[in-house]
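Please look over the structure shown here before reading the notes.

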Amino acid sequence: MSISGMMRTSVSGMAAQSNRLASVGDNIANASTHGYKRSFVEFSTMVLESGKGSYQPGSVDTQIRYGITQQGGFDYTTSKTDLAVSGNGFLLVSSGTGNNDASYLTRAGSFVKDQDGNLVNAGGYYLLGYPLTAGQTPTVSANGTTGLQVVNVSSVSLEATPTTTGTFAFNLPEDATVVPAGQRPSDNLVSSPDTLKTSMVVVDNIGREVVLDVYYAKTGANTWEMTVFDASTAHPSTTFPYTAAPLRTATMTFDSFGQFASVTPAGISPNMVQLTVPNGSSVQIDVGGTTELADGFQPLSTDFNGNKPSAVEFVEFAADGKLYAVYGSGARQAIYQIPLATVASPDNLTPEAGNVYSISASSGGLQLGFPGTGAFGDIRASQLEKSTVDTATELTTMIESQFAFTANSKVFQTGGELMDVLVNLKR
């Protein structure tokens with residue numbers, strides 16, 4: 001046996017165990033790092049050809065592996081911009097806010113808003129997503145990052161939504177007096193009655209509230225006329241006559257039980273009344289809940305969509321990866337959709353500083369898709385993926401490596417003593 005070969009083998013063993021201990025140290029240091037995937041060392045032999053009369057010791061080689069596909073547990077947080085991925089896939093992040101900055105994959109989703117409104121994680125990487133325009137679903141490039149932008153939530157401005165639908169139902173007293181033709185609110189005369197009058201508030205295209213006056217007049221048995229005016233055109237002292245024609249006049253009929261039967265002219269459905277708000281949109285009003293019962297004139301259901309201008313109060317993610325801006329009025333608007341990315345062999349991705357990964361020659365090319373589709377996992381909002389490090393396992397590995405390193409050092413020490421004996425033979 002070659003003494004020098006024995007010493008070189010022991011040195012390779014000590015170097016291998018040093019690598020293993022370094023991996024253990026890295027894992028323990030990142031035991032609390034969200035999205036971190038543990039590393040581990042695999043050993044392989046290096047064998048030298050031996051002759052019949054002597055054995056040539058080889059050595060040991062190490063290969064660093066990363067358990068990137070291993071799923072970690074989840075921590076629940078109070079931040080609406082924290083993201084975790086459950087299942088297959090990674091979040092796409094950028095090293096900067098420019099169009100030419102490098103893109104990386106990560107499972108570390110602790111994003112916060114920076115001074116410019118960009119969502120950036122603890123490693124300093126910016127979240128990438130597809131901007132949503134007019135609610136359209138973005139086109140995804142299955143193997144590239146074309147169209148992705150750094151997610152910015154400060155660019156969302158004041159939002160005003162015009163009224164387009166509503167529900168407006170009242171009970172009309174069955175014993176009301178019939179109003180003859182020529183004396184009804186729809187005639188818009190000084191003598192027009194305003195006893196059964198109410199109002200509805202809607203929102204126009206620029207977020208301004210518009211008050212509409214609504215009149216009901218009984219025109220016959222089980223038949224009523226509904227007339228809507230723009231309140232701003234009312235006579236300053238007597239209401240009637242309005243300076244503009246009614247926005248809509250409709251005839252409602254009821255059955256013998258006082259329940260709604262029909263309205264003419266109808267909107268997009270038989271129980272709808274359609275009118276156009278001044279400087280606003282066409283509104284479909286559901287009057288199907290209106291009744292004619294032996295009771296007083298009273299509201300039953302009044303509700304309209306639309307809201308005045310309001311600022312964004314916060315943003316939140318949905319399970320499908322859409323990022324919504326939530327306004328002070330309660331309205332929600334989808335502004336980005338976050339894709340997930342993967343490769344054919346995730347465990348062969350190259351780890352980079354900041355808990356991100358880059359594509360390598362052995363990992364395969366990039367594949368993109370939306371959460372919950374195909375082979376991609378789901379996004380969990382207000383959660384963070386835990387590190388996959390088990391401290392007890394790492395400490396056990398550390399003790400094993402310590403003993404192995406000591407044993408290799410003893411081999412080296414023994415070889416040194418034998419070499420000393422050989423040197424002293426000459427004396």
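The model is predicted. Its largest nonpolar core has 26 residues, and another core, of 23 residues, lies apart from it. The structure also holds eleven salt bridges.

**Nonpolar cores**

- In the largest nonpolar core, the residues with the most contacts inside it are Phe 168, Met 200, Tyr 216, Met 226, Met 252, Ile 285 and Val 287.
- Eight strands each supply at least two residues of this core: strand 12 (165-173), strand 13 (197-203), strand 14 (209-220), strand 15 (223-230), strand 16 (248-254), strand 17 (260-264), strand 18 (272-276) and strand 19 (282-286).
- Strand 14 gives the most to this core, with four residues.
- Setting aside neighbours within four places in sequence, Met 200 is in contact with Phe 168, Val 210, Val 211, Leu 212, Val 214, Met 226, Ile 285 and Phe 304.
- The core of 23 residues lies apart from the largest one and includes Leu 91, Phe 111, Val 151 and Phe 376.
- In soluble globular proteins, nonpolar side chains tend to be buried together.

- Leu 83 is found in strand 4 (residues 83-86).
- The relative accessibility of Leu 83 is 0%, under the 20% limit, so Leu 83 counts as buried.
- Neighbours within four places in sequence left aside, the contacts of Leu 83 are Leu 91, Gly 109, Phe 111, Leu 127, Phe 317, Ile 379, Arg 380, Ala 381, Gln 383 and Leu 384.
- One of these contacts, Phe 111, is 28 residues from Leu 83 along the chain, and their C-alpha atoms are separated by 7.5 Å.
- Tyr 130 is found in strand 9 (residues 126-131) and counts as buried at 2% relative accessibility.
- Tyr 130 and Thr 146 are 16 residues apart in sequence, and their C-alpha atoms are 9.4 Å apart in space.

**Helix 2**

- Helix 2 covers residues 391-424.
- At 1.5 Å a residue, its 34 residues should span 50 Å, and the 49 Å between its end C-alpha atoms agrees with this.
- Which residues of helix 2 are buried? They are Glu 394, Thr 397, Ser 401, Asn 408 and Gly 415.
- Helix 1 (3-29) is included in what covers these buried residues.
- Asn 408, in helix 2, has a relative accessibility of 19%, which is under the 20% limit and therefore counts as buried.
- Not counting residues up to four places away in sequence, Asn 408 touches Thr 9, Ser 10, Gly 13, Met 14 and Gln 17.

**A nonpolar patch on the surface**

- Met 419, Val 421, Leu 422 and Leu 425 form a nonpolar patch on the surface, with about 380 Å² of accessible area together.
- With a relative accessible area of 34%, Met 419 is partly exposed.

**Salt bridges**

- Side chains of opposite charge can pair when their charged atoms come close.
- Lys 37 forms a salt bridge with Glu 385, with 2.5 Å between the closest N and O atoms.
- Lys 37 lies in the loop between helix 1 and strand 1 (39-46) and Glu 385 lies in strand 31 (residues 383-385), so this pair ties together parts that are 348 residues apart in sequence.
- Are Lys 37 and Glu 385 buried or exposed? Both are buried.
- Arg 208 and Asp 204 meet through their side chains in a salt bridge of 3.1 Å, N to O.
- In that pair, Arg 208 is partly exposed at 45% relative accessibility, whereas Asp 204 is buried, with a relative accessible area of 0%.
- Glu 292 forms a salt bridge with Lys 218, the closest N and O atoms being 3.6 Å apart.
- This pair links distant parts of the chain, with Glu 292 in strand 20 (residues 291-293) and Lys 218 in strand 14, 74 residues apart.
- Both Glu 292 and Lys 218 are buried.

Note on methods:
Residues numbered from 1 in each chain as written. Predicted model: local features only at pLDDT ≥ 70, side-chain atom pairs only at ≥ 80, totals over all residues. Heavy atoms only, no water. Patch = residues over 30% accessible without salt bridge, like charges linked within 9 Å, V, L, I, M, F, W, Y side chains within 5 Å. Areas by Shrake-Rupley, 256 points an atom, 1.4 Å probe, with all protein chains shown as cover. Salt bridge = Lys/Arg side-chain N within 4 Å of Asp/Glu carboxyl O. Buried < 20%, exposed > 50% of the residue type's maximum accessible area, 1.4 Å probe, protein only. Core = buried A, V, L, I, M, F, W, Y, C linked by side-chain atoms within 4.5 Å. Contact = heavy atoms within 4.5 Å. Expected span 1.5 Å × (residues − 1).
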